[in-house]
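Please look through the sequence and the model shown here before reading on. The briefing that follows takes up helix packing, backbone details, the ligand and the overall fold in turn.

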Amino acid sequence: MPSSVEASRVMAGRRPRLSVGYRREIPAGPIFAHVTETIERYSLETICVSGRCPNRGECFSRGSLAFMILGDVCTRRCGFCAVRSGKPAAWDPTEAARLAEAAADLRLRHVVITSVARDDLADEGAGAFAAVIEALRQRLPSAVVEVLTPDFHARPELLDMVCRAEPHVFNHNVETVQRLSHRVRPQASYRRSLAILAYVKRIYPALLTKSGMMLGLGETPQEIRQTLQDLRQVGCDLLTMGQYLPPSPHHLPVARLTPEAELQEWRNEALALGFQAVAAGPLVRSSYFADELLERGPRLDVIPAKAGIQAELDSR
Ligand code: SF4
């Protein structure tokens, strides 16, 4: 639990004094530099940079990152997210090939792709996801592909567009408990997010589904428990749970810093409910060590049998 001084700073939306579990090394080293240079060279965006992720130094230094497609301006305005909101530019269809080339340059074995919400486009960006998955399939056939998608208003034809391109992991975050959902993501809906995960699991059972939630926004233990049960109810396989930290004083304030031990208790509870693998920790984010989360899951055999993937995983 935070001290009263820490708590009042936290409530004011200022950065709290961070315990050991939140501290990160200052980034340095050749791999970090190579990742940064490659992103720039191919004119790509990452949620790591746009979302001001606190893990950037650690992830880039181990050669992992999460690409963000469809630009760096989002048509929605969520209270927790650092990505700019506004009117996005037109999508550049060369992005898929550039991303695949960058992933090959970085020798990625697990490629995470997310996007801004593009409610302005007829297909809400689903076609861009499919194009990127297909480009990766051509250029880097042994890579595991994980998509972290917006909600596409739960339109089945758009979910089909993404799923038929056959990513290995379909990730869509509920982000928070049902009661807080409207405050945290005013243009989204908790029930809609569950419906998306349910649809993907029902129609494409071979895809691993994944979701994530932030703690520390004012949810109760019972509400967390209910969320875990709701996610299992729709067959969600993989889960991430991390502490919410406001990216600026203008974002939603954090209500509570969750002790690390408590996060581990939630992890155990989630595993007992039947999730295949769960990452929980203060700085766990959707794509944090996404490759290892998948490796820890006991059901790698459900990954569609793409050329080389199983051999690639077996060889690690
Ligand atoms: S946790 Fe995810 S978003 Fe953050 S730096 Fe790592 S890969 Fe990027």
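## Helix packing and other features

Helix H10 (residues 221-233) packs against helix H11 (residues 260-273) at an angle of about 30°, and their axes are 10 Å apart. This is a predicted model, in which local features need pLDDT of at least 70 and side-chain atom pairs count only at pLDDT 80 or more, while totals for chains, interfaces and linings use all residues. Residues are numbered from 1 along each chain as its sequence is written. Helices (H or I, at least four residues) and strands (E, at least two) are DSSP runs, numbered from the N terminus. Axes are lines fitted to C-alpha atoms, for helices over the stretch in contact, and angles run from 0 to 180 degrees between N-to-C directions.

**H10 and H11**

- H10 and H11 are therefore roughly parallel to each other, a term for angles under 35 degrees, with those over 145 counted as roughly antiparallel, 65 to 115 as roughly perpendicular and the rest as oblique.
- On the H10 side the contact is made by Ile224, Leu228, Gln229 and Arg232, and on the H11 side by Trp266, Glu269, Ala270 and Leu273, where two residues are in contact if their C-beta atoms, placed from the backbone, lie within 7 Å.
- The residues of this contact between H10 and H11 comprise 5 nonpolar, 1 polar and 2 charged, with Ala, Val, Leu, Ile, Met, Phe, Trp, Tyr, Cys and Pro counted as nonpolar, Asp, Glu, Lys and Arg as charged, and the others, Gly among them, as polar.
- Glu260 lies in helix H11, and with 16 other C-beta atoms within 10 Å Glu260 is partly exposed; a residue is buried if 20 or more other C-beta atoms lie within 10 Å of its own, exposed if 12 or fewer, and partly exposed in between, with C-beta atoms placed from the backbone.
- Glu260 and Gln243 are separated by 17 residues in sequence and by 9.2 Å in space, C-alpha to C-alpha.

- The axes of H5 and H6 cross at roughly 40° and come within 8 Å of each other, which makes H5 oblique to H6.
- The crossing of H5 and H6 is right-handed.
- Glu95, Ala96, Ala97, Leu99, Ala100, Glu101, Ala103 and Ala104 in H5 meet Ala128, Ala131, Val132, Ala135, Leu136, Gln138 and Arg139 in H6, and this contact of H5 with H6 has 11 nonpolar, 1 polar and 3 charged residues.
- Asp105 belongs to helix H5 (residues 95-105) and is partly exposed, with 14 other C-beta atoms within 10 Å.
- Asp105 and Thr38 are 67 residues apart in sequence, and their C-alpha atoms are 7.7 Å apart in space.

**Positive phi values in two loops**

- Glu124, a residue other than glycine, has a positive phi near 55°; Glu124 is found in the loop between strand E5 (110-115) and H6, and it counts as buried, with 23 C-beta neighbours inside 10 Å.
- Phe152 has a positive phi of about 50° although it is not a glycine; Phe152 sits in the loop between strand E6 (144-148) and H7, and with 23 C-beta neighbours inside 10 Å it counts as buried.

**The ligand and the whole protein**

- The ligand is surrounded by 13 residues, of which the closest are Cys48, Cys53, Cys59, Ser287 and Tyr288; a residue is near a molecule if its C-beta atom, placed from the backbone, lies within 6 Å of it.
- Helix H3 (47-50) and helix H4 (56-61) are the elements that give two or more residues to the shell around the ligand.
- By class, that shell around the ligand has 7 nonpolar, 4 polar and 2 charged residues.
- The protein has 13 helices and 10 strands, and of its 316 residues 45% count as buried.
- Of the contacts in the protein with a separation of 6 or more, 74% are between residues 24 or more positions apart.

Terms used: Left-handed = near helix turned anticlockwise from the far one by under 90°.
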